[in-house]
Amino acid sequence: MELPRGIQVEVTNRCNFKCVYCLRNFWNIKIQDMPLALFKKLSNSFSEMETVVLYGLGEPLTHPDFVEMVRLARSSIKKDGVISFSTNGSLLDVKLAEKLIKDIGVNLISFSFDTIETLALERLRVGAESHMILENLKEVSRLKKFSKFPFTLSIEVVLMKDTLEYLPKLVEFAAQNDVDRILVTNVIPYTEVLNGQQLFLTVSETSYNIVKDFLDEGWNIIHDAIMESHGLIYAGKSAYSALEKYRMFWKKAEEYDCWINFPMLIQMKSVLENVKRALHVFKESTKLASAYDIELQLPNQFADRKKRICPYVDKDFSVIRADGSVVPCMEFMYAYYEYVNLHKRLVKEVVFGNIKKEDLKRVWSADDFKNFRMSRKDLNKNFPWCGECVYSTLNCYYTSSSEKDCMGNKDSCSECLYSVNIAQCLL
């Protein structure tokens, strides 16, 4: 295709909240709104698109021309095209909601909040007035029947250790207010503090099950296996020695075509308990959602390298930043540090052009962007997965940044949490 099927437009990167887990707390960029004239130029490309998503790393409703942008999107997109956006809900009062839903025809509005518990919500989303957000959601729910187009009301949840227990009550709240869908994403740990809040592991559930009965032995099993392999101790030890156990792990791993990052699992035993708790809450929440006929999109708590998919390549999407830069995805939208696989990693921005200077069609069809997308059609074949590699846990050179990986790829997706559905976004 000469243009993507869908486009995600960051109309602004400013926000009226300061959520404790948001990337905006940890970056160093110019805060700006996309000029209306630039959006109008971009909207000329919407006629071939199926989906326009109007949000990025800011609150879209802080943009003074947001209503006009939605109007332009609706008049430009395909007749049955979908227009959606995500909001913290604070500015979406009934008057604005009526314009967007009744008059223009937005297809999906997603409210981003993590709990209906007032104090918890205001602690997590600094600047929030919880009663106002919840009332605005109820007004949008009331307006659903007046929509000019098929309409979906959604809630987005950032899942952490401190928010996990709120999920079942949030499902019940959604049912009471005619919410259609709940999308849950794991927190992306930008700091060591947030790393302590994670409820996921970057190893596969299969590899965990192979070694789970031996994790209590910790580093001893590795130490003893090494010592045995050098013939330094345990002469004449039974066949069920540390070395034999270690060989057994890898034999099973070979049978199941998986890798075992034993050092990772040893060091993240406390997270394993949180993962088990998360899976229990997921089961309870899934039952509730099914009973209330709510679509509950849950993230993965384990990563399966063989099932990696780039959601942007899979759905044929691109992203336009507020400054007009054309980027491939949320992962490479800006430069930032991330704590993953027990190490700090610099994720570098990846920019293929700018619509201020170039036509989107030309940027999208350029060889460098096409090659980038093509290589991500099969992530398992073309990119390593660091989560199940012992070297990533032990400070491998290639894990210090996304710039290059051990297979020679530039701008590597070797630790992308979106690719293993640990992190999810609205597309």
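**Charges.** I began with the charged side chains: the protein has 55 positive and 56 negative ones, and the centres of the two sets lie 3 Å apart. For this tally Lys and Arg are positive and Asp and Glu negative, with His and the chain ends not counted. Each charge is placed at NZ of Lys, CZ of Arg, CG of Asp or CD of Glu.

**Ground rules.** I am working with a predicted model, where local features need pLDDT of at least 70, side-chain atom pairs count only at pLDDT 80 or more, and totals for chains, interfaces and linings use all residues. Residues are numbered from 1 along each chain as its sequence is written, and side-chain values use heavy atoms, with hydrogens and water left out.

**Overall form.** Along its principal axes, the C-alpha trace spans about 80 × 50 × 35 Å. I noted 17 helices and 14 strands; these are DSSP runs numbered from the N terminus (helices H or I, at least four residues; strands E, at least two).

**Surface and burial.** The protein exposes about 18900 Å², and carbon and sulfur atoms supply 50% of that area. Accessible areas come from the Shrake-Rupley method with a 1.4 Å probe, and for residues only the protein chains shown count as cover. Buried residues are 57% of the 427; buried means under 20% relative accessible area, exposed over 50%, and partly exposed in between.

**Contacts.** A contact means heavy atoms within 4.5 Å. Among contacts between residues at least 6 apart in sequence, 77% join residues at least 24 apart.

**Cores.** Which residues touch the most other members of the largest nonpolar core? I found F39, L54, L100, F113 and I155, out of 116 residues in that core. Helix α2 (residues 66-76) gives the largest share of this core, six residues. A second, separate core of 25 residues includes F214, F249, A253 and I266. By definition, a nonpolar core is a set of buried Ala, Val, Leu, Ile, Met, Phe, Trp, Tyr and Cys residues joined through side-chain atoms within 4.5 Å. Leaving out residues up to four places away in sequence, L54 touches V9, V11, F39, P60, F66, V70, I83, S84 and F85.

**S76.** This serine sits in helix α2. S76 counts as buried because its relative accessibility is 17%. Beyond neighbours within four places in sequence, S76 is in contact with S43, F46 and S47.

**K252.** I found K252 in helix α10 (residues 242-256), and at 36% relative accessibility K252 counts as partly exposed. Its C-alpha atom is 8.8 Å from that of S207, 45 residues apart along the chain.

**K357.** The loop between β14 (353-354) and α14 (360-365) holds K357. Is K357 buried or exposed? K357 is exposed, with a relative accessible area of 75%. The C-alpha atoms of K357 and L134, 223 residues apart along the chain, are separated by 42 Å.

**Positive phi.** D178 is not a glycine, yet its phi is positive, about 55°. D178 lies in the loop between α6 (167-176) and β8 (181-186) and is partly exposed at 43% relative accessible area. N395, also a residue other than glycine, has a positive phi near 65°. N395 lies in the segment after α17 (390-393) and is exposed, with a relative accessible area of 63%.

Methods:
Buried means under 20% relative accessible area, exposed over 50%, partly exposed in between (1.4 Å probe, protein chains only).
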